[in-house]
Protein chains: 2
Amino acid sequence: MDAATQLPTVGMIGAGQLARMTHQAAIALGQSLKVLAADPAESAAAVATATVLGDYRDVEDLRGFAKGCTVVTFDHEHVPQDALRALVAEGVDVQPRPEALLYAQDKHAMRTRLTALGLPQPRWASVDSIADVEAFGLPCVLKAATGGYDGKGVWMCDTPADAEAVLASGLRLIAEERMALQRELAIQIARSPSGETAAYPVVETVQTGGICTEVIAPAPHLDPDTAAEATRIAAAVATELGVVGMLAVELFQTSHGLFVNELAMRAHNSGHWTIEGAETSQFEQHLRAVLDYPLGSTATAAPYTVMANVLGGEPGGPRLDERLQHLLAEDPAAHVHLYGKAVRPGRKIGHVTVRGDDPALLRHRALRAAKWLQEGE
Amino acid sequence: MDAATQLPTVGMIGAGQLARMTHQAAIALGQSLKVLAADPAESAAAVATATVLGDYRDVEDLRGFAKGCTVVTFDHEHVPQDALRALVAEGVDVQPRPEALLYAQDKHAMRTRLTALGLPQPRWASVDSIADVEAFGLPCVLKAATGGYDGKGVWMCDTPADAEAVLASGLRLIAEERMALQRELAIQIARSPSGETAAYPVVETVQTGGICTEVIAPAPHLDPDTAAEATRIAAAVATELGVVGMLAVELFQTSHGLFVNELAMRAHNSGHWTIEGAETSQFEQHLRAVLDYPLGSTATAAPYTVMANVLGGEPGGPRLDERLQHLLAEDPAAHVHLYGKAVRPGRKIGHVTVRGDDPALLRHRALRAAKWLQEGE
């Protein structure tokens, strides 16, 4: 609690773009987000005054960081369980709790728990030999149980040789069936310690090379039963796993229904559309949830909102500043979010959001805007 | 220009709530606003990393601050002309230029210039004696030519004794007629150095004790001719005075038409509604204008948007944190903006914005929210 402003201080471990956008939301709530960064040039550290430099794997650094925080939360799920449990034991309010966060850190634990809950998910198994993989059946997807993101830690395996190459890494792995998808969906839901939940509309996500490149909110032509099923799944995961803060549930839509793909217990790329597209952004909602404030309205602010990610392009061409000006001239109602990161090919450096009535037109606008920022043409 | 991000750096002189909200907008554009603050606890300094401490009246401090800024602009209009002209002479890109800003700093200069332009304004005169005031006619309004804000520097005078008390201050004064108002209106318009302009819809403002307490956007029941006249006046002021950045024109609506009350060449309280109520907020628009970026869409994002200011209440009662939680529970779709300032009675400490279809209902919601934050009941 800040004595002058009579308002709390949220500490966020990690200083990427999620922390950066959370800082924007914290400012509106009268706060200044405190972030733990590895480097002062990181996306959030560059814009937030209360930056502490440290290593998120080091319990001493975490302990120092947590001092003066009303609650400590996350920009990523890579903080070791041991360290988090030590903080909790010392009385730090960590949200989500390590017992819940585990299921976003460890896919084996997540699949095991969701199986026990009877929630729909792809057929899966723990594998640690080629015999296990062949018993499971090829083709399949191999996933690192921990540490993956944005398509990293995920391998499409068609042959035993593919699987052997992955097994050679020595990583702890699970195998999942490759499902015939109609499309991918995602849903954000917030949950507070007092048990209040607030779900956003189900969105369609488009992945390219394992990276989410586009989100359409709400998912066009989604029948009400499927939307209700997605919301039921998200609420069950949030409540049964004891999630606090934002939960993103990525789903496969198939001719046999919905299946849980991935979970994230934080603001998530598939929820960036909420900044302009919903009454309450996922970033403000996460702050409200971890502080046990009442949750905000998840009503949409426009019939449709489309977000497209901007990835770093190849070197050369116009400077980012020039690309931005071109885009702003082309589409005066585009909402640009740049993350203040140095441009590297394939790195998420920003996103663009547009809202309106016609999802096809919005997708065209969003992709054109993202392409211009990315490729400068 | 920041080498790593390939994006510009805007410097803002002053670190109040306008700079704070501009920092939020700068973050989205990939930047981090650089602010000149008197104290690290100021509203924007508390949330923006690139804070320089200094005195906005000291040309040396300004010179140091301007180093590395792509453009220098303002959170307030109190920077001395001499200092600004010195910076410009040294090649600093100051926007708006001091020659334009003068008309927001000096009401005598503003009234003289608007008279020359033939724009409608209250009858006025320069006064420096009781004889001048009596020749002008009582009752009247006396205004300090410079330095006023939020009702400060404005005196309603009914009698010679009232006027003598003001004259005794030794301030340079102008007298203005007291008009019979139907209501007060305001309009925001942005102008860039290349001459592009973008006007927002005309809004109704409600003043209490000289402080704007409420803004309804767009102004309900405004006939199209009057709206067009307001836009014409704003565009004329912006263009003829060479304004760059946001211009707010406060207007009196009377049975004889519109009259210019005040000008501000910066983001303005009467434009806070644009954060949620328009496609481009006045804060992003100001950045775009001073950087000579293409201007953003000023289309509304909802049929009506209402903003209510939150003033600091009397000491005692629930902490601000508790008041906030109560409000968030009562109205989950209210957009709260707290400025991170210590609470003092009558001080602007935040605002609340709601959007929807029915302006009467929105006013009720916004005022109830502001009252709760202010009075804790």
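**View 1. Packing of helices H11 and H12 in chain A of a predicted model.** Helix H11 (residues 320-330) and helix H12 (residues 359-375) of chain A pack at an angle of about 160°, and their axes are 8 Å apart. Helices (H or I, at least four residues) and strands (E, at least two) are DSSP runs, numbered from the N terminus. Axes are lines fitted to C-alpha atoms, for helices over the stretch in contact, and angles run from 0 to 180 degrees between N-to-C directions. The angle makes H11(A) roughly antiparallel to H12(A); angles under 35 degrees count as roughly parallel, over 145 as roughly antiparallel, 65 to 115 as roughly perpendicular and the rest as oblique. H11(A) passes H12(A) in a right-handed crossing. A crossing is left-handed if the near helix is turned anticlockwise from the far one by less than a right angle, and right-handed if clockwise. On the H11(A) side, the residues in contact (heavy atoms within 4.5 Å) are A:Leu320, A:Glu322, A:Arg323, A:Leu324, A:His326, A:Leu327 and A:Glu330, and they meet A:Arg368, A:Ala369, A:Trp372, A:Leu373, A:Gln374 and A:Glu375 in H12(A). The residues of this contact divide into six nonpolar, two polar and five charged. Here Ala, Val, Leu, Ile, Met, Phe, Trp, Tyr, Cys and Pro count as nonpolar, Asp, Glu, Lys and Arg as charged, and the others, Gly among them, as polar.

**View 2. Packing of helices H2 and H3 in chain A.** Helix H2 (residues 59-66) of chain A packs with H3(A) at an angle of about 40°, with axes 10 Å apart. H2(A) is therefore oblique to H3(A). Their crossing is right-handed. A:Val59, A:Leu62 and A:Arg63 in H2(A) meet A:Ala83, A:Ala86 and A:Leu87 in H3(A). Five residues of the contact are nonpolar, none is polar and one is charged.

**View 3. The contact between chain B and chain A.** In this contact, 49 residues of chain B touch 49 residues of chain A. The buried area, meaning the accessible area (1.4 Å probe) that two parts lose on being put together, summed over both, is about 4000 Å², and carbon and sulfur atoms give 56% of it. B:Gln6, B:Ile27 and B:Glu279 supply 14% of the area that chain B buries against chain A, more than any other three residues. Two salt bridges are counted between the chains. A salt bridge is a side-chain nitrogen of Lys or Arg within 4 Å of a carboxyl oxygen of Asp or Glu. A:Glu279 forms a salt bridge with B:Arg355, with the closest N and O atoms 3.4 Å apart.

View 4. The structure holds 40 salt bridges over all chains. In one salt bridge, A:Glu77 pairs with A:Arg266, the closest N and O atoms being 3.1 Å apart.

View 5. The peptide bond from A:Gln95 to A:Pro96 is cis, with omega near -5°. A:His221 lies in the loop between E12 and H8 and has a positive phi of about 55° although it is not a glycine.

**Notes.** Residues are numbered from 1 along each chain as its sequence is written, and chains are lettered from A and ligands numbered from 1 in the order in which they are written. In this predicted model, local features need pLDDT of at least 70, side-chain atom pairs count only at pLDDT 80 or more, and totals for chains, interfaces and linings use all residues, while side-chain values use heavy atoms, with hydrogens and water left out.
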